[in-house]
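Please open the model in a viewer and keep a selection panel at hand.

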Amino acid sequence: MQLIELRNVNKRYPNGVTALADIDLEISKGEFVFIIGASGSGKSTLIKLLYRQEKPTYGEVFVGGINVAKLRNGKVYKLRRKLGIVFQDYKLLPKLTVYENVAFALEMYGLKGDEIRKRTIRALEQVGLKDKLRSFPDELAGGEQQRVSIARAIVNNPKVLICDEPTGNLDPDTSMEVMKVIEDINKNLGTTIIMATHDKDIVNRMKKRVIVIDKGLVKKDIQKGRYRNESV
Amino acid sequence: MKAFRIFGKNISESFKGVFRNFSLSLASISCITITLVLVGFSIILSYNVNNFTTEIEKDLTIVVFLDRKIETEEINVLQTRIKTMDNVSNVIYNSKEEVKKEMQKESEVFDSIMSQYTEETNPLQDSFLVKVDDINGIGDVADEIKKLDKVDLVKYGEGSVEELVKIFDIVKKITYIAVAALVLVTVFLVSNTIKITIQSRRREIEIRRLVGASNSFIRRPFFFEGIILGFLGALIPVAACWYGYVYIFNRLHGQLFTAIIPLVKPSNIMHIVVISLLGIGIVVGAFGSYRAVRKYLKI
Ligand SMILES: Nc1ncnc2c1ncn2[C@@H]1O[C@H](COP(=O)(O)OP(=O)(O)OP(=O)(O)O)[C@@H](O)[C@H]1O
Ligand SMILES: [Mg+2]
(Lines give C-alpha, C1' and ligand atoms only; values in the text may rest on other atoms or scores of the structure.)
(Ligands and ions follow the chains in the order given, each with its own letter.)
Protein backbone atom coordinates (compact mmCIF):
# COMPACT_ATOMS: atom_id res chain seq x y z
CA MET A 1 0.00 0.00 0.00
CA GLN A 2 1.18 3.51 -0.81
CA LEU A 3 1.70 6.13 1.85
CA ILE A 4 -1.44 7.92 0.69
CA GLU A 5 -4.31 6.32 -1.19
CA LEU A 6 -7.69 7.70 -2.14
CA ARG A 7 -10.19 5.26 -3.62
CA ASN A 8 -13.37 6.39 -5.28
CA VAL A 9 -13.63 9.38 -2.98
CA ASN A 10 -16.64 11.66 -3.10
CA LYS A 11 -17.26 14.66 -0.91
CA ARG A 12 -20.57 16.42 -0.83
CA TYR A 13 -21.04 19.20 1.75
CA PRO A 14 -24.25 19.42 3.74
CA ASN A 15 -25.32 22.39 1.63
CA GLY A 16 -25.44 20.12 -1.40
CA VAL A 17 -22.21 21.23 -3.09
CA THR A 18 -20.26 18.28 -4.43
CA ALA A 19 -16.67 19.41 -3.93
CA LEU A 20 -15.02 16.15 -4.95
CA ALA A 21 -16.38 13.45 -7.24
CA ASP A 22 -14.71 10.13 -7.79
CA ILE A 23 -11.14 10.81 -6.84
CA ASP A 24 -8.57 8.02 -7.15
CA LEU A 25 -5.05 8.90 -6.14
CA GLU A 26 -1.85 7.31 -4.93
CA ILE A 27 1.10 9.16 -3.48
CA SER A 28 4.19 7.32 -2.37
CA LYS A 29 6.69 8.02 0.32
CA GLY A 30 9.08 10.88 -0.39
CA GLU A 31 7.10 12.36 -3.28
CA PHE A 32 6.57 16.05 -3.88
CA VAL A 33 3.11 16.68 -5.29
CA PHE A 34 1.38 19.89 -6.35
CA ILE A 35 -2.38 20.03 -6.40
CA ILE A 36 -3.61 22.74 -8.69
CA GLY A 37 -6.93 23.85 -10.10
CA ALA A 38 -9.26 26.78 -10.39
CA SER A 39 -10.77 28.41 -7.35
CA GLY A 40 -13.56 26.21 -6.01
CA SER A 41 -12.28 23.13 -7.82
CA GLY A 42 -11.86 21.20 -4.58
CA LYS A 43 -8.17 21.48 -3.67
CA SER A 44 -8.71 22.47 -0.08
CA THR A 45 -11.42 19.85 0.31
CA LEU A 46 -9.01 17.17 -0.89
CA ILE A 47 -6.42 18.33 1.60
CA LYS A 48 -8.95 18.47 4.43
CA LEU A 49 -9.80 14.83 3.77
CA LEU A 50 -6.17 13.92 4.29
CA TYR A 51 -5.95 15.37 7.80
CA ARG A 52 -9.52 14.42 8.63
CA GLN A 53 -10.90 17.91 8.90
CA GLU A 54 -13.65 16.56 6.65
CA LYS A 55 -14.86 13.01 6.08
CA PRO A 56 -15.56 11.72 2.59
CA THR A 57 -19.22 11.16 1.78
CA TYR A 58 -18.10 7.82 0.43
CA GLY A 59 -14.88 6.19 -0.67
CA GLU A 60 -11.73 5.41 1.23
CA VAL A 61 -8.80 7.53 2.34
CA PHE A 62 -5.64 5.92 3.66
CA VAL A 63 -2.79 7.94 5.14
CA GLY A 64 0.22 6.07 6.48
CA GLY A 65 -1.87 2.93 6.89
CA ILE A 66 -4.67 4.70 8.77
CA ASN A 67 -8.17 4.37 7.37
CA VAL A 68 -8.95 8.05 7.72
CA ALA A 69 -12.64 7.92 6.76
CA LYS A 70 -13.33 5.36 9.48
CA LEU A 71 -11.22 7.07 12.13
CA ARG A 72 -13.26 7.96 15.21
CA ASN A 73 -13.12 11.56 16.43
CA GLY A 74 -11.28 10.53 19.56
CA LYS A 75 -8.46 8.97 17.51
CA VAL A 76 -7.91 11.76 15.00
CA TYR A 77 -4.88 12.93 16.98
CA LYS A 78 -3.07 9.72 16.04
CA LEU A 79 -3.35 10.69 12.37
CA ARG A 80 -2.38 14.31 13.02
CA ARG A 81 0.79 13.21 14.77
CA LYS A 82 1.97 11.69 11.51
CA LEU A 83 1.29 14.89 9.61
CA GLY A 84 2.54 18.44 9.47
CA ILE A 85 0.05 21.00 8.23
CA VAL A 86 0.79 24.46 6.84
CA PHE A 87 -1.83 27.08 6.00
CA GLN A 88 -1.99 30.24 4.00
CA ASP A 89 -2.59 32.31 7.16
CA TYR A 90 0.24 30.66 9.19
CA LYS A 91 -1.96 30.12 12.30
CA LEU A 92 0.71 31.28 14.73
CA LEU A 93 -0.09 32.34 18.28
CA PRO A 94 0.65 36.08 18.55
CA LYS A 95 1.52 36.05 22.26
CA LEU A 96 4.11 33.31 21.93
CA THR A 97 7.64 33.78 20.64
CA VAL A 98 8.92 32.00 17.57
CA TYR A 99 10.52 29.39 19.76
CA GLU A 100 7.37 28.89 21.84
CA ASN A 101 5.18 28.65 18.75
CA VAL A 102 7.27 25.77 17.46
CA ALA A 103 7.66 24.04 20.83
CA PHE A 104 3.87 24.30 21.21
CA ALA A 105 3.51 21.35 18.83
CA LEU A 106 5.56 19.13 21.18
CA GLU A 107 3.66 19.91 24.38
CA MET A 108 1.48 16.83 24.41
CA TYR A 109 4.25 14.28 24.15
CA GLY A 110 5.60 14.74 27.66
CA LEU A 111 9.17 15.11 26.44
CA LYS A 112 12.00 16.26 28.66
CA GLY A 113 12.87 19.95 28.55
CA ASP A 114 16.20 19.50 26.77
CA GLU A 115 14.66 17.13 24.24
CA ILE A 116 12.04 19.77 23.40
CA ARG A 117 14.77 22.40 23.10
CA LYS A 118 16.89 20.22 20.83
CA ARG A 119 14.04 19.40 18.46
CA THR A 120 12.69 22.93 18.37
CA ILE A 121 16.07 24.44 17.56
CA ARG A 122 16.67 21.79 14.92
CA ALA A 123 13.35 22.57 13.21
CA LEU A 124 14.02 26.30 13.29
CA GLU A 125 17.49 25.67 11.86
CA GLN A 126 15.92 23.70 9.05
CA VAL A 127 13.81 26.73 8.05
CA GLY A 128 16.67 29.20 8.58
CA LEU A 129 15.25 31.07 11.57
CA LYS A 130 17.64 30.07 14.31
CA ASP A 131 18.47 33.70 15.01
CA LYS A 132 14.84 34.79 15.55
CA LEU A 133 13.97 32.52 18.49
CA ARG A 134 12.85 35.31 20.76
CA SER A 135 10.91 37.37 18.21
CA PHE A 136 7.16 37.53 18.23
CA PRO A 137 5.22 36.74 15.05
CA ASP A 138 4.21 40.35 14.42
CA GLU A 139 7.89 41.34 14.40
CA LEU A 140 8.54 39.05 11.43
CA ALA A 141 7.99 39.39 7.72
CA GLY A 142 5.30 37.22 6.11
CA GLY A 143 7.80 34.76 4.65
CA GLU A 144 9.44 34.39 8.03
CA GLN A 145 6.13 33.79 9.73
CA GLN A 146 5.35 31.10 7.21
CA ARG A 147 8.74 29.51 7.89
CA VAL A 148 7.90 29.46 11.59
CA SER A 149 4.69 27.63 10.82
CA ILE A 150 6.63 25.19 8.65
CA ALA A 151 9.07 24.63 11.51
CA ARG A 152 6.11 23.90 13.78
CA ALA A 153 4.75 21.47 11.20
CA ILE A 154 7.99 19.50 10.93
CA VAL A 155 9.15 19.64 14.55
CA ASN A 156 7.55 16.26 15.18
CA ASN A 157 9.26 14.62 12.17
CA PRO A 158 6.04 13.93 10.27
CA LYS A 159 5.88 11.54 7.35
CA VAL A 160 3.82 13.97 5.32
CA LEU A 161 3.84 17.75 5.09
CA ILE A 162 0.51 19.07 3.86
CA CYS A 163 0.38 22.67 2.65
CA ASP A 164 -2.71 24.57 1.54
CA GLU A 165 -1.57 27.61 -0.45
CA PRO A 166 1.42 28.30 1.79
CA THR A 167 2.59 31.12 -0.47
CA GLY A 168 -0.84 32.62 -1.02
CA ASN A 169 -0.05 35.74 0.99
CA LEU A 170 3.53 36.18 -0.14
CA ASP A 171 5.25 38.09 -2.95
CA PRO A 172 7.05 36.06 -5.64
CA ASP A 173 10.55 36.35 -4.18
CA THR A 174 9.45 35.44 -0.68
CA SER A 175 7.36 32.63 -2.11
CA MET A 176 10.45 31.14 -3.73
CA GLU A 177 12.32 31.39 -0.45
CA VAL A 178 9.56 29.45 1.27
CA MET A 179 9.50 26.92 -1.58
CA LYS A 180 13.22 26.43 -1.17
CA VAL A 181 12.63 25.61 2.49
CA ILE A 182 9.91 23.11 1.62
CA GLU A 183 12.03 21.52 -1.09
CA ASP A 184 14.90 21.14 1.36
CA ILE A 185 12.63 19.39 3.81
CA ASN A 186 11.61 17.00 1.05
CA LYS A 187 15.20 16.36 0.05
CA ASN A 188 16.96 16.32 3.41
CA LEU A 189 14.34 14.71 5.59
CA GLY A 190 12.58 12.60 2.96
CA THR A 191 9.25 14.08 4.02
CA THR A 192 6.43 13.61 1.53
CA ILE A 193 5.05 16.99 0.41
CA ILE A 194 1.51 17.66 -0.75
CA MET A 195 0.87 21.25 -1.65
CA ALA A 196 -2.20 22.96 -3.05
CA THR A 197 -1.42 26.17 -4.88
CA HIS A 198 -2.51 28.75 -7.40
CA ASP A 199 0.99 29.91 -8.16
CA LYS A 200 1.98 29.10 -11.76
CA ASP A 201 5.56 30.25 -11.41
CA ILE A 202 6.23 27.98 -8.50
CA VAL A 203 4.78 24.92 -10.20
CA ASN A 204 6.63 25.58 -13.40
CA ARG A 205 9.97 26.15 -11.73
CA MET A 206 9.87 23.20 -9.38
CA LYS A 207 9.09 20.52 -11.98
CA LYS A 208 7.38 18.13 -9.63
CA ARG A 209 4.38 15.89 -9.98
CA VAL A 210 1.25 17.95 -10.66
CA ILE A 211 -2.30 16.81 -10.06
CA VAL A 212 -4.88 19.01 -11.74
CA ILE A 213 -8.28 19.10 -10.14
CA ASP A 214 -11.22 20.38 -12.10
CA LYS A 215 -14.76 20.54 -10.74
CA GLY A 216 -13.99 17.86 -8.20
CA LEU A 217 -12.32 15.44 -10.61
CA VAL A 218 -8.68 14.61 -11.27
CA LYS A 219 -8.26 16.04 -14.74
CA LYS A 220 -4.55 15.38 -15.15
CA ASP A 221 -1.77 13.75 -13.19
CA ILE A 222 1.61 14.67 -14.66
CA GLN A 223 5.11 13.75 -13.52
CA LYS A 224 7.51 16.72 -13.68
CA GLY A 225 4.56 18.76 -14.72
CA ARG A 226 4.07 22.30 -15.73
CA TYR A 227 1.21 24.60 -15.07
CA ARG A 228 -0.10 25.24 -18.55
CA ASN A 229 -3.38 26.70 -19.55
CA GLU A 230 -5.57 23.92 -18.33
CA SER A 231 -6.88 25.78 -15.36
CA VAL A 232 -7.04 29.01 -13.42
CA MET B 1 7.48 10.11 34.00
CA LYS B 2 6.06 11.10 30.65
CA ALA B 3 2.53 11.07 31.97
CA PHE B 4 3.73 13.17 34.87
CA ARG B 5 5.21 15.81 32.55
CA ILE B 6 2.02 15.87 30.47
CA PHE B 7 0.02 16.30 33.65
CA GLY B 8 2.29 19.14 34.74
CA LYS B 9 1.74 20.86 31.41
CA ASN B 10 -2.03 20.56 31.86
CA ILE B 11 -1.91 22.02 35.35
CA SER B 12 0.23 24.98 34.31
CA GLU B 13 -2.25 25.66 31.50
CA SER B 14 -5.06 25.60 34.05
CA PHE B 15 -3.38 28.21 36.23
CA LYS B 16 -2.79 30.38 33.18
CA GLY B 17 -6.51 30.10 32.51
CA VAL B 18 -7.39 31.19 36.04
CA PHE B 19 -5.25 34.30 35.80
CA ARG B 20 -5.95 35.19 32.20
CA ASN B 21 -9.58 36.05 32.95
CA PHE B 22 -8.94 36.97 36.51
CA SER B 23 -11.98 39.17 37.10
CA LEU B 24 -14.24 36.34 36.00
CA SER B 25 -12.33 33.82 38.03
CA LEU B 26 -12.69 36.14 40.98
CA ALA B 27 -16.47 36.24 40.51
CA SER B 28 -16.61 32.45 40.54
CA ILE B 29 -14.30 32.20 43.51
CA SER B 30 -16.39 34.75 45.45
CA CYS B 31 -19.57 32.86 44.70
CA ILE B 32 -18.01 29.61 45.84
CA THR B 33 -16.74 31.41 48.93
CA ILE B 34 -20.18 32.73 49.87
CA THR B 35 -21.77 29.35 49.26
CA LEU B 36 -19.20 27.52 51.32
CA VAL B 37 -19.35 29.98 54.21
CA LEU B 38 -23.05 29.15 54.38
CA VAL B 39 -22.36 25.46 54.01
CA GLY B 40 -19.83 25.64 56.82
CA PHE B 41 -22.30 27.55 58.97
CA SER B 42 -25.02 24.98 58.34
CA ILE B 43 -22.70 22.05 59.03
CA ILE B 44 -21.65 23.55 62.35
CA LEU B 45 -25.25 24.42 63.16
CA SER B 46 -26.62 20.98 62.40
CA TYR B 47 -23.91 19.31 64.43
CA ASN B 48 -24.80 21.50 67.36
CA VAL B 49 -28.54 21.06 66.96
CA ASN B 50 -28.15 17.31 66.63
CA ASN B 51 -25.86 17.26 69.61
CA PHE B 52 -28.13 19.08 71.98
CA THR B 53 -31.35 17.50 70.76
CA THR B 54 -29.90 14.12 71.60
CA GLU B 55 -28.84 15.52 74.94
CA ILE B 56 -32.37 16.76 75.55
CA GLU B 57 -33.91 13.61 74.17
CA LYS B 58 -32.08 11.70 76.82
CA ASP B 59 -33.74 13.75 79.53
CA LEU B 60 -37.02 14.83 78.08
CA THR B 61 -39.84 12.60 79.27
CA ILE B 62 -43.59 12.85 79.44
CA VAL B 63 -44.88 12.46 82.98
CA VAL B 64 -48.36 10.99 83.08
CA PHE B 65 -50.19 11.34 86.42
CA LEU B 66 -52.94 8.79 86.90
CA ASP B 67 -56.30 9.08 88.56
CA ARG B 68 -56.21 8.39 92.27
CA LYS B 69 -58.96 5.83 91.98
CA ILE B 70 -57.20 3.70 89.37
CA GLU B 71 -57.04 -0.09 89.82
CA THR B 72 -53.91 -2.15 89.38
CA GLU B 73 -55.25 -4.02 86.31
CA GLU B 74 -56.21 -0.73 84.75
CA ILE B 75 -52.67 0.51 85.27
CA ASN B 76 -51.31 -2.49 83.37
CA VAL B 77 -53.78 -2.01 80.51
CA LEU B 78 -52.98 1.68 80.30
CA GLN B 79 -49.24 1.00 80.30
CA THR B 80 -49.46 -1.42 77.37
CA ARG B 81 -51.78 0.97 75.60
CA ILE B 82 -49.28 3.82 75.82
CA LYS B 83 -46.39 1.53 74.96
CA THR B 84 -47.98 0.62 71.61
CA MET B 85 -48.46 4.25 70.59
CA ASP B 86 -46.44 5.64 67.71
CA ASN B 87 -43.15 7.30 68.63
CA VAL B 88 -43.19 5.89 72.18
CA SER B 89 -39.99 4.10 73.04
CA ASN B 90 -40.36 3.31 76.69
CA VAL B 91 -42.91 3.53 79.52
CA ILE B 92 -41.88 3.21 83.17
CA TYR B 93 -44.40 2.93 85.95
CA ASN B 94 -43.78 4.74 89.25
CA SER B 95 -46.19 3.93 92.04
CA LYS B 96 -46.88 6.67 94.52
CA GLU B 97 -45.23 4.60 97.26
CA GLU B 98 -42.04 4.37 95.26
CA VAL B 99 -42.09 8.09 94.60
CA LYS B 100 -42.65 8.70 98.27
CA LYS B 101 -39.67 6.50 99.19
CA GLU B 102 -37.51 8.22 96.61
CA MET B 103 -38.42 11.60 97.99
CA GLN B 104 -37.72 10.51 101.49
CA LYS B 105 -34.31 9.30 100.45
CA GLU B 106 -33.52 12.61 98.83
CA SER B 107 -33.58 14.82 101.92
CA GLU B 108 -34.36 14.81 105.60
CA VAL B 109 -36.97 17.53 105.24
CA PHE B 110 -38.85 15.50 102.69
CA ASP B 111 -38.37 12.45 104.83
CA SER B 112 -40.04 13.99 107.87
CA ILE B 113 -42.90 15.47 105.87
CA MET B 114 -43.63 12.38 103.88
CA SER B 115 -43.49 10.01 106.81
CA GLN B 116 -46.63 11.71 108.21
CA TYR B 117 -48.64 10.18 105.39
CA THR B 118 -49.80 6.58 105.31
CA GLU B 119 -50.46 4.55 102.22
CA GLU B 120 -54.07 5.80 102.26
CA THR B 121 -53.38 9.48 102.73
CA ASN B 122 -50.37 9.70 100.40
CA PRO B 123 -50.98 12.94 98.45
CA LEU B 124 -48.78 11.80 95.56
CA GLN B 125 -50.10 10.17 92.45
CA ASP B 126 -49.15 7.05 90.51
CA SER B 127 -47.35 8.05 87.32
CA PHE B 128 -45.78 6.85 84.07
CA LEU B 129 -42.55 8.16 82.67
CA VAL B 130 -42.89 8.02 78.88
CA LYS B 131 -39.91 8.38 76.53
CA VAL B 132 -40.26 9.16 72.84
CA ASP B 133 -38.09 8.38 69.83
CA ASP B 134 -38.51 11.69 68.01
CA ILE B 135 -38.50 14.70 70.24
CA ASN B 136 -40.36 16.76 67.66
CA GLY B 137 -43.41 14.57 68.12
CA ILE B 138 -43.46 14.72 71.87
CA GLY B 139 -46.41 17.13 71.93
CA ASP B 140 -48.54 14.83 69.80
CA VAL B 141 -47.84 11.88 72.04
CA ALA B 142 -48.72 13.92 75.12
CA ASP B 143 -51.97 15.07 73.53
CA GLU B 144 -52.92 11.52 72.71
CA ILE B 145 -52.19 10.31 76.21
CA LYS B 146 -54.31 13.15 77.63
CA LYS B 147 -57.33 11.75 75.80
CA LEU B 148 -57.06 8.37 77.55
CA ASP B 149 -59.32 7.35 80.43
CA LYS B 150 -58.01 7.48 83.98
CA VAL B 151 -55.30 9.92 83.02
CA ASP B 152 -55.32 12.91 85.30
CA LEU B 153 -52.51 15.17 84.14
CA VAL B 154 -49.84 15.06 81.42
CA LYS B 155 -46.69 17.12 81.61
CA TYR B 156 -43.54 17.22 79.55
CA GLY B 157 -40.31 19.16 79.28
CA GLU B 158 -40.05 22.86 79.24
CA GLY B 159 -41.96 24.35 76.33
CA SER B 160 -39.11 26.78 75.62
CA VAL B 161 -36.66 23.99 74.85
CA GLU B 162 -39.08 22.44 72.43
CA GLU B 163 -39.56 25.81 70.74
CA LEU B 164 -35.83 26.24 70.42
CA VAL B 165 -35.48 22.86 68.75
CA LYS B 166 -38.17 23.85 66.30
CA ILE B 167 -36.51 27.17 65.51
CA PHE B 168 -33.17 25.51 64.91
CA ASP B 169 -34.89 23.03 62.69
CA ILE B 170 -36.36 25.80 60.57
CA VAL B 171 -33.03 27.63 60.40
CA LYS B 172 -31.44 24.37 59.30
CA LYS B 173 -33.97 23.87 56.53
CA ILE B 174 -33.63 27.44 55.28
CA THR B 175 -29.85 27.10 55.11
CA TYR B 176 -30.20 23.84 53.18
CA ILE B 177 -32.39 25.56 50.61
CA ALA B 178 -30.10 28.58 50.40
CA VAL B 179 -27.08 26.31 49.99
CA ALA B 180 -28.78 24.31 47.24
CA ALA B 181 -29.70 27.50 45.37
CA LEU B 182 -26.21 28.91 45.80
CA VAL B 183 -24.60 25.70 44.61
CA LEU B 184 -26.66 25.93 41.43
CA VAL B 185 -25.66 29.55 40.87
CA THR B 186 -22.04 28.65 41.52
CA VAL B 187 -22.02 25.77 39.08
CA PHE B 188 -23.45 28.13 36.50
CA LEU B 189 -20.86 30.81 37.23
CA VAL B 190 -17.92 28.42 37.13
CA SER B 191 -19.27 26.95 33.95
CA ASN B 192 -19.53 30.43 32.49
CA THR B 193 -15.98 31.30 33.50
CA ILE B 194 -14.64 28.17 31.86
CA LYS B 195 -16.73 28.90 28.78
CA ILE B 196 -15.07 32.31 28.47
CA THR B 197 -11.65 30.72 28.87
CA ILE B 198 -12.49 28.21 26.17
CA GLN B 199 -13.70 30.94 23.86
CA SER B 200 -10.69 33.15 24.44
CA ARG B 201 -8.52 30.17 23.49
CA ARG B 202 -10.28 29.07 20.34
CA ARG B 203 -7.17 29.58 18.27
CA GLU B 204 -4.91 27.68 20.63
CA ILE B 205 -7.39 24.83 20.76
CA GLU B 206 -7.64 24.75 16.98
CA ILE B 207 -3.86 24.62 16.60
CA ARG B 208 -3.55 22.01 19.33
CA ARG B 209 -5.96 19.80 17.42
CA LEU B 210 -4.04 20.29 14.21
CA VAL B 211 -0.70 19.36 15.75
CA GLY B 212 -2.07 16.15 17.28
CA ALA B 213 -3.18 16.83 20.83
CA SER B 214 -5.66 14.25 22.09
CA ASN B 215 -9.09 15.30 23.28
CA SER B 216 -8.25 14.62 26.88
CA PHE B 217 -5.06 16.66 26.63
CA ILE B 218 -7.10 19.60 25.32
CA ARG B 219 -9.91 19.22 27.80
CA ARG B 220 -8.01 18.50 30.98
CA PRO B 221 -6.69 22.03 31.63
CA PHE B 222 -10.21 23.46 31.55
CA PHE B 223 -11.43 20.77 33.86
CA PHE B 224 -8.59 21.44 36.30
CA GLU B 225 -9.28 25.14 36.04
CA GLY B 226 -12.72 24.54 37.54
CA ILE B 227 -11.19 22.44 40.29
CA ILE B 228 -8.66 25.18 41.05
CA LEU B 229 -11.48 27.75 41.26
CA GLY B 230 -13.37 25.46 43.63
CA PHE B 231 -10.29 24.93 45.76
CA LEU B 232 -9.43 28.63 45.95
CA GLY B 233 -13.06 29.39 46.77
CA ALA B 234 -12.93 26.98 49.71
CA LEU B 235 -9.91 28.52 51.41
CA ILE B 236 -11.59 31.54 52.98
CA PRO B 237 -14.61 29.55 54.22
CA VAL B 238 -12.33 26.96 55.78
CA ALA B 239 -10.39 29.66 57.63
CA ALA B 240 -13.57 31.54 58.55
CA CYS B 241 -15.29 28.46 59.95
CA TRP B 242 -12.25 27.29 61.80
CA TYR B 243 -11.22 30.52 63.47
CA GLY B 244 -14.80 31.76 63.72
CA TYR B 245 -16.10 28.71 65.51
CA VAL B 246 -13.15 28.37 67.83
CA TYR B 247 -13.54 32.04 68.70
CA ILE B 248 -17.28 31.74 69.37
CA PHE B 249 -16.82 28.54 71.34
CA ASN B 250 -14.22 30.11 73.61
CA ARG B 251 -16.15 33.33 73.90
CA LEU B 252 -19.30 31.51 75.04
CA HIS B 253 -17.38 29.08 77.23
CA GLY B 254 -18.71 26.12 75.29
CA GLN B 255 -22.40 26.73 75.77
CA LEU B 256 -25.19 28.70 74.16
CA PHE B 257 -27.07 30.90 76.72
CA THR B 258 -27.38 28.14 79.31
CA ALA B 259 -25.74 24.88 80.25
CA ILE B 260 -28.73 23.07 78.71
CA ILE B 261 -27.33 23.88 75.27
CA PRO B 262 -23.71 22.75 75.16
CA LEU B 263 -21.72 23.54 72.02
CA VAL B 264 -19.82 20.80 70.21
CA LYS B 265 -16.09 21.01 70.81
CA PRO B 266 -14.31 22.51 67.76
CA SER B 267 -11.79 19.67 67.73
CA ASN B 268 -14.67 17.21 67.28
CA ILE B 269 -16.04 18.72 64.08
CA MET B 270 -13.35 20.85 62.45
CA HIS B 271 -11.88 18.01 60.39
CA ILE B 272 -15.35 17.26 59.03
CA VAL B 273 -15.97 20.93 58.23
CA VAL B 274 -12.61 21.31 56.47
CA ILE B 275 -12.97 18.14 54.43
CA SER B 276 -16.58 18.92 53.51
CA LEU B 277 -15.83 22.47 52.41
CA LEU B 278 -12.79 21.52 50.32
CA GLY B 279 -14.69 18.56 48.92
CA ILE B 280 -17.79 20.53 48.02
CA GLY B 281 -15.71 23.37 46.53
CA ILE B 282 -13.76 20.97 44.35
CA VAL B 283 -16.81 18.99 43.29
CA VAL B 284 -18.78 22.12 42.44
CA GLY B 285 -15.82 23.50 40.47
CA ALA B 286 -15.28 20.22 38.68
CA PHE B 287 -18.95 19.91 37.85
CA GLY B 288 -19.14 23.47 36.51
CA SER B 289 -16.13 22.99 34.28
CA TYR B 290 -17.30 19.55 33.19
CA ARG B 291 -20.54 21.15 32.05
CA ALA B 292 -18.71 23.89 30.13
CA VAL B 293 -16.27 21.47 28.52
CA ARG B 294 -19.12 19.19 27.43
CA LYS B 295 -21.09 22.07 26.02
CA TYR B 296 -18.51 24.40 24.53
CA LEU B 297 -15.59 22.16 23.68
CA LYS B 298 -17.20 19.75 21.30
CA ILE B 299 -14.81 17.38 19.65
N1 LIG C 1 -17.42 23.84 4.60
C2 LIG C 1 -18.03 23.92 3.39
N3 LIG C 1 -19.37 23.85 3.32
C4 LIG C 1 -19.98 23.91 2.15
N5 LIG C 1 -19.38 24.04 0.97
C6 LIG C 1 -18.03 24.13 0.96
C7 LIG C 1 -17.30 24.07 2.19
N8 LIG C 1 -15.98 24.16 1.89
C9 LIG C 1 -15.93 24.27 0.56
N10 LIG C 1 -17.14 24.25 -0.01
C11 LIG C 1 -17.45 24.30 -1.45
O12 LIG C 1 -16.80 23.21 -2.06
C13 LIG C 1 -16.21 23.60 -3.29
C14 LIG C 1 -14.74 23.34 -3.27
O15 LIG C 1 -14.14 24.18 -2.30
P16 LIG C 1 -12.59 24.15 -1.96
O17 LIG C 1 -12.37 25.06 -0.81
O18 LIG C 1 -12.18 22.75 -1.81
O19 LIG C 1 -11.98 24.76 -3.27
P20 LIG C 1 -10.49 25.21 -3.56
O21 LIG C 1 -10.07 24.50 -4.77
O22 LIG C 1 -9.66 25.05 -2.36
O23 LIG C 1 -10.69 26.77 -3.86
P24 LIG C 1 -9.66 27.95 -3.60
O25 LIG C 1 -8.64 27.84 -4.69
O26 LIG C 1 -10.50 29.16 -3.76
O27 LIG C 1 -9.09 27.77 -2.28
C28 LIG C 1 -16.56 25.07 -3.49
O29 LIG C 1 -17.68 25.15 -4.30
C30 LIG C 1 -16.90 25.53 -2.09
O31 LIG C 1 -17.88 26.54 -2.13
MG1 LIG D 1 -8.58 26.33 -1.06
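Begin by selecting Glu177(A) and Arg147(A), whose side chains form a salt bridge at 3.2 Å, N to O. A salt bridge here is a side-chain nitrogen of Lys or Arg within 4 Å of a carboxyl oxygen of Asp or Glu. The model is predicted, so local features need pLDDT of at least 70 and side-chain atom pairs count only at pLDDT 80 or more, while totals for chains, interfaces and linings use all residues. Residues are numbered from 1 along each chain as its sequence is written, chains are lettered from A and ligands numbered from 1 in the order in which they are written, and side-chain values use heavy atoms, with hydrogens and water left out.

**The two domains of chain A**

Next, colour chain A by domain: domain 1 covers 1-82 + 159-227 and domain 2 covers 92-157, with bounds from an automatic or database domain assignment. Taken over C-alpha atoms, the centres of domain 1 and domain 2 of chain A are 24 Å apart. To their contact (heavy atoms within 4.5 Å), domain 1 of chain A gives 14 residues and domain 2 of chain A gives 13 residues.

The area buried between these domains of chain A is about 1,100 Å², with 66% given by carbon and sulfur atoms. Buried area is the accessible area (1.4 Å probe) that two parts lose on being put together, summed over both. Between domain 1 and domain 2 of chain A the count is one salt bridge and three residue pairs in polar contact, both residues at pLDDT 80 or more. A polar contact is a pair of N or O atoms within 3.5 Å; within protein, one must be able to donate a hydrogen and the other to accept it, and residues adjacent in sequence count only if both atoms are side-chain atoms.

Now select helix 6 (residues 172-189) of chain A, which supplies nine residues, the largest share of the side of domain 1 of chain A that touches domain 2 of chain A. Helices (H or I, at least four residues) and strands (E, at least two) are DSSP runs, numbered from the N terminus.

**A salt bridge within one helix**

Move to helix 4 (residues 113-126) of chain A, where Glu115(A) and Arg119(A) lie four residues apart, about one turn of the helix. The side chains of Glu115(A) and Arg119(A) meet in a salt bridge at 3.1 Å, N to O. Over all chains, the structure holds 22 salt bridges.

**Where chain A meets chain B**

Display both chains. The contact draws 22 residues from chain A and 19 residues from chain B. Chain A and chain B bury about 1,800 Å² between them, 61% of it on carbon and sulfur atoms. Select Phe104(A), Glu107(A) and Met108(A): in chain A, these residues lose the most area to chain B, together 30% of what that side buries.

Between chain A and chain B the count is three salt bridges.

**Ligand 1**

Which residues come nearest to ligand 1? Of the 14 residues around ligand 1 (a heavy atom within 4 Å), these are Ser39(A), Gly40(A), Lys43(A), Ser44(A) and Thr45(A). A polar side-chain atom of Thr45(A) lies 2.5 Å from an oxygen atom of ligand 1. Finally, select Gly42(A), which has a polar backbone atom 3.0 Å from an oxygen atom of ligand 1, and Asn15(A), which has a side-chain N or O atom 3.3 Å from a nitrogen atom of ligand 1.
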